[in-house]
Amino acid sequence: MAPAVATAATRGLLFRLAWRNLWRNPRRTLIACASIFFAVFLSVLISSTQVGQNQLLIDTMVGFSTGHVQVHGAGYWEKRSLDQSMPADSTLLSDIAALPGVDHVVPRLETVALIAHGNVTKVVPVFGVEPLREDGMTGFGKRLERGTALAAWTDGALVGAGLARMLGANVGDTLVLYGQGYQGVTAAGLIRVAGILAYPIPDMNNNAFFLTLTEAQRTFAAEGRVTSIAVMLADQETSDAAAAAIRAAVGNGREVMTWRALMPELVQAINANNGGTVIMLLILYIVIGFGIFSTVVMMTTERRKEFRMVIALGMRRGRLALVTVIEAVLIALTGAMAGIIGSIPVILWLHAHPVVLGGEYEKVMLAYGMEPILPFSADPLVFWSQALIVGTLGILSALYPVVIVSRMTTSTK
């Protein structure tokens, strides 16, 4: 027991010695801690922006269109034809909704048709949707600018404001729809404009054309059939596991695809964004590393005479090296924790109030189908990962005084 007690006492003594050494020169210690603080703060801001932009990309594309997982009839995704649609009933939808992690299950009938009003015609995508299910996923009910309330919408079309403007149509006007239905049947009908939707994204505003699922199935002779079932998950990271569970639930003869397979261009955009951020962070880490290292070199150089003296008085080199390591760890941990604590309120505020972009940036964002904002993520991993990396750089810098102490002689020259 005695050796263990002695060891614990020695460790406590070394820790107290390291702590006192730090505050013998408080200005030097505060400068070192401040450098790590600002390094963590900046790296958290950059990382939060990157994660926030990726999440905005995914939420915009996935939430407005595909869902995290989609179920199709066999061959539909390749041919995109109503002939590859699939039967879907409430039992199938309930089975999928009952799976763990599933938030929304949204059946759709998607096709293309010619829409005309007066002398103006336009080919647009037509979406047959269940109003409340679709609103739960895409929130398109909040885009309803005027017309029939979503809960009361049973017939007619909800039309994008840009499309209505092109057609010269308004609520209550009648549009002509002409297209091809299931198994080559001609689809034609007179569709009343039930409401106008206003989207911030021009492409969606100029092409939005929604019918209720029941009316779309009747118009395109596809009663009881859908082209896709979009599934929204509580956590996008579980999409692969959820896809496997959905595949088992729906059985053979149906395709089940994750958003990564549905939108490879989105995956490429995210990878490009990640690559640019990694380069920026690497440059920042290099600057941070040299800044911390230069501080440690300065601290070591100033104390060379002191180190020789304590070695001459009989202190073991290993214990002296351990003291310098403890000092570096305390500085790194103090600076890193201060950086986390300082960045949390800033990131939380920016997360709740994203920066609104204007000018050319706004045009670029809208062109890519995204809202013109600069989002910030409040994911806890953003804080801890950057603190860990920067803190590790500080600890690695402690190797320098260890090497110096191990090679030092007691000569005062």
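Predicted model: local features only at pLDDT ≥ 70, side-chain atom pairs only at ≥ 80, totals over all residues.
View 1. The mean positions of the 31 positive and 28 negative charges of the chain lie 23 Å apart. The accessible surface of the chain is about 20,400 Å², and carbon and sulfur atoms hold 63% of that surface.

**View 2. Extent and content of the chain.** Along the principal axes, the C-alpha atoms occupy a box of roughly 100 × 50 × 35 Å. The chain contains 16 helices and 14 strands. Of its 413 residues, 45% are buried. Among contacts with a separation of 6 or more, 78% join residues 24 or more positions apart.

**View 3. Strand E11, residues 228-233.** Six of the six residues in E11 are buried. In a regular strand, side chains alternate between the two faces of the sheet. In E11, Ser 228, Ala 230 and Met 232 point one way, while Ile 229, Val 231 and Leu 233 point the other way. The residues of both sets are buried.

**View 4. Pairing of E1 with E11.** Strand E1, residues 69-73, runs antiparallel to E11, and four bridges connect the two. Val 69 is placed opposite Val 231 of E11. Val 231 belongs to the set with Ile 229 and Leu 233.

**View 5. Pairing of E3 with E11.** Strand E3, residues 102-117, is also antiparallel to E11 and is joined to it by six bridges. Pro 107 has Ile 229 of E11 as its bridge partner. Ile 229 is itself buried.

Key
Residues numbered from 1 in each chain as written. Heavy atoms only, no water. Buried < 20%, exposed > 50% of the residue type's maximum accessible area, 1.4 Å probe, protein only. Contact = heavy atoms within 4.5 Å. Areas by Shrake-Rupley, 256 points an atom, 1.4 Å probe, with all protein chains shown as cover. Lys, Arg positive; Asp, Glu negative; His and termini not counted. Charge placed at Lys NZ, Arg CZ, Asp CG, Glu CD. Pairing = 2+ DSSP bridges.
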